[in-house]
Amino acid sequence: MARLFLACMVLLGLAMSAAAARPATTTTAGDPPTGSCDQDLQDLITNCQDYVRFPADPKIPPSAACCGVLQRVNIPCLCSKVTPTVETIVCMDKVVYVASYCKRPLKPGSQCGSYHVPGALA
């Protein structure tokens, strides 16, 4: 049970950080995310957890399955759930790396949970 919780938190962090990767198309920054992202979270846990957990190094290229999931998840929904607890389990620098590797980079200067994506606001 604790392992499942840990896995959920790890992948939640990945997805939430990746939320900044795409500009919002149907919501504004102040709008709450809509819908449920429970299945997105499960899919990320299943496919991506090994690539975003601490320690910060080494950064390992994610699998095609992980990238496939990352390409379709509801990032705004997931990012809205990143908590300080998630950030103690998930290495947000690795999240940035994985998102970039999967061609869904996080927007520099954006925020996911309390994590600020490196770089200036564009």
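Is Cys91 buried or exposed in this model? Cys91 turns out to be buried, with a relative accessible area of 2%. Here buried means under 20% relative accessible area, exposed means over 50%, and partly exposed is anything in between, using a 1.4 Å probe and protein chains only. The model is a predicted one, so local features need pLDDT of at least 70, side-chain atom pairs count only at pLDDT 80 or more, and totals for chains, interfaces and linings use all residues. Residues are numbered from 1 along each chain as its sequence is written, and side-chain values use heavy atoms, with hydrogens and water left out.

Other cysteines are paired up. The structure holds two disulfides, a disulfide being a pair of cysteine sulfur atoms within 2.5 Å. One of them joins Cys48 to Cys66, with the sulfur atoms 2.1 Å apart. Cys48 sits in helix 2 and Cys66 in helix 3, so this link ties together parts that are 18 residues apart in sequence. (Helices, H or I with at least four residues, and strands, E with at least two, are DSSP runs numbered from the N terminus.) The link of Cys48 and Cys66 is right-handed, with 115 degrees about the S-S bond, and both cysteines are buried.

The other disulfide is formed by Cys67 and Cys102, whose sulfur atoms are 2.0 Å apart. The torsion about its S-S bond is about -70 degrees, so this disulfide is left-handed. Cys67 belongs to helix 3, while Cys102 lies in the loop between helix 6 and strand 1 (111-112), and the two are 35 residues apart. Cys67 and Cys102 are both buried.

Next come the nonpolar residues. A nonpolar core is a set of buried Ala, Val, Leu, Ile, Met, Phe, Trp, Tyr and Cys residues joined through side-chain atoms within 4.5 Å. The largest such core has 29 residues, and Val73 and Val98 touch the most other members. In helix 6, the buried residues are Met92, Lys94, Val95, Val96, Val98 and Ala99. Just after helix 6, Lys103 takes a positive phi of about 65 degrees.

Then there are the charged side chains. Side chains of opposite charge can pair when their charged atoms come close. A salt bridge is a side-chain nitrogen of Lys or Arg within 4 Å of a carboxyl oxygen of Asp or Glu, and a search of the whole structure turns up five. One of them pairs Lys81 with Asp38, the closest N and O atoms being 4.0 Å apart. This pair links distant parts of the chain: Lys81 is in the loop between helix 4 (75-79) and helix 5 (84-89), Asp38 is in helix 2 (residues 38-52), and they are 43 residues apart. Lys81 is partly exposed at 35% relative accessible area, and Asp38 is partly exposed at 48%.

Asp43 and Arg72 also meet in a salt bridge, at 2.2 Å from N to O. Here Asp43 of helix 2 is linked to Arg72 of helix 3 (residues 64-72), 29 residues apart. Asp43 counts as buried at 16% relative accessibility, whereas Arg72 is partly exposed at 45%. Asp50 and Arg53 make a salt bridge too, with their closest N and O atoms 2.8 Å apart. Asp50 is partly exposed at 49%, and Arg53 is partly exposed at 25%. Finally, salt bridges with shared partners join Asp40, Asp43 and Arg72 into one network.
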